[in-house]
Amino acid sequence: MEQTYFGSEVASTLKIGSSTLRKYSLALEEQGYIFDRGMNNSRIFYQKDVAMIQRIMNAMNKKNITLEQAIKLAISSIPEDIVATAVRDKRTESSIDVAMLERLERLEKINLELVKRLEEQQRMLQERDTKRDEQLITVLREVQESKQLIAATKDKKWWEFWK
């Protein structure tokens, strides 16, 4: 199973912006290069795609040529049989589906773990709040008892103090 990458991962790896990656990808597609697509029609990048964009960037930087010229140069440097295999077949689509399902399953596991953590945190907060409320009520009762004792001693006359 070949490793797949999101556009944001590729952009950060190549140290370019997402919009620049999108621009390069669109220009490649205009020249006939085919990217696999995900469920939401986003591009799925394989290592070969990342290498292609890296070749384009190197050609533009080192040879001082335009994007279109760099793309033509990068595509022409790939052997013809590899370019021919860029056309999708049923096996490629099924491998994409399998990769997407695996990724989806991993995300579901992460999501479940996060839900468990959130529930545990909610339970701990509830326990803390309950304990705080109990302590507050205890302190309030003690304050009321103290005020009652003070009020009772003020009502007594000085000679009744010893009674």
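## Basis of the description

Buried means a relative accessible area under 20%, exposed means over 50%, and partly exposed covers what lies in between, computed with a 1.4 Å probe and with protein chains only. The structure is a predicted model, in which local features need a pLDDT of at least 70 and side-chain atom pairs count only at pLDDT 80 or more, while totals for chains, interfaces and linings use all residues. Residues are numbered from 1 along each chain as its sequence is written, and side-chain values use heavy atoms, with hydrogens and water left out.

## Overall architecture

The chain has 6 helices and 2 strands, where helices (H or I, at least four residues) and strands (E, at least two) are DSSP runs numbered from the N terminus. Read along the sequence, these elements follow the pattern α-α-β-β-α-α-α-α.

Of the 163 residues of the chain, 21% count as buried. The accessible surface of the chain comes to about 12,800 Å², of which 56% belongs to carbon and sulfur atoms; accessible areas come from the Shrake-Rupley method with a 1.4 Å probe, and for residues only the protein chains shown count as cover. Among contacts in the chain with a separation of 6 or more, 57% are accounted for by residues 24 or more positions apart, a contact being heavy atoms within 4.5 Å.

## Packing of α2 against α3

Helix α2 (residues 18-30) and helix α3 (residues 47-63) have axes that come within 11 Å and cross at roughly 100 degrees. Axes here are lines fitted to C-alpha atoms, for helices over the stretch in contact, and angles run from 0 to 180 degrees between N-to-C directions. Angles under 35 degrees count as roughly parallel, those over 145 as roughly antiparallel, those from 65 to 115 as roughly perpendicular, and the rest as oblique; α2 and α3 are therefore roughly perpendicular to each other.

On the α2 side, Leu21, Tyr24, Ser25 and Leu28 meet Met52, Ile53, Ile56, Met57 and Met60 in α3. By class, this contact of α2 with α3 has 8 nonpolar, 1 polar and no charged residues, with Ala, Val, Leu, Ile, Met, Phe, Trp, Tyr, Cys and Pro counted as nonpolar, Asp, Glu, Lys and Arg as charged, and the others, Gly among them, as polar.

Aspartate 49 lies in helix α3 and, at 1% relative accessibility, counts as buried. Leaving aside its neighbours within four places in sequence, aspartate 49 is in contact with Tyr33, Phe35 and Ile44.

## Salt bridges

A search of the whole structure finds 9 salt bridges, each defined as a side-chain nitrogen of Lys or Arg within 4 Å of a carboxyl oxygen of Asp or Glu. One of them joins the side chains of glutamate 29 and arginine 37, with an N to O distance of 2.8 Å. Glutamate 29 counts as partly exposed at 22% relative accessibility, and arginine 37 likewise counts as partly exposed at 25%.

Another salt bridge, at 3.5 Å from N to O, links the side chains of glutamate 113 and arginine 117. Both residues lie in helix α6 (residues 90-155), 4 residues apart, which is about one turn of the helix. Glutamate 113 is partly exposed at 37% relative accessibility, whereas arginine 117, at 54%, counts as exposed. The side chains of arginine 132 and aspartate 133 also meet in a salt bridge, at 3.1 Å from N to O; arginine 132 is partly exposed with a relative accessible area of 46%, and aspartate 133 is partly exposed with 35%. Salt bridges that share partners join Arg128, Asp129, Arg132 and Asp133 into one network.

## Positive phi angles in loops

Lysine 15, although not a glycine, has a positive phi of about 60 degrees. Lysine 15 is found in the loop between α1 (7-14) and α2, and at 73% relative accessibility counts as exposed.

Asparagine 64, also a residue other than glycine, has a positive phi near 55 degrees. Asparagine 64 lies in the loop between α3 and α4 (67-76), and its relative accessibility of 69% places asparagine 64 in the exposed class.
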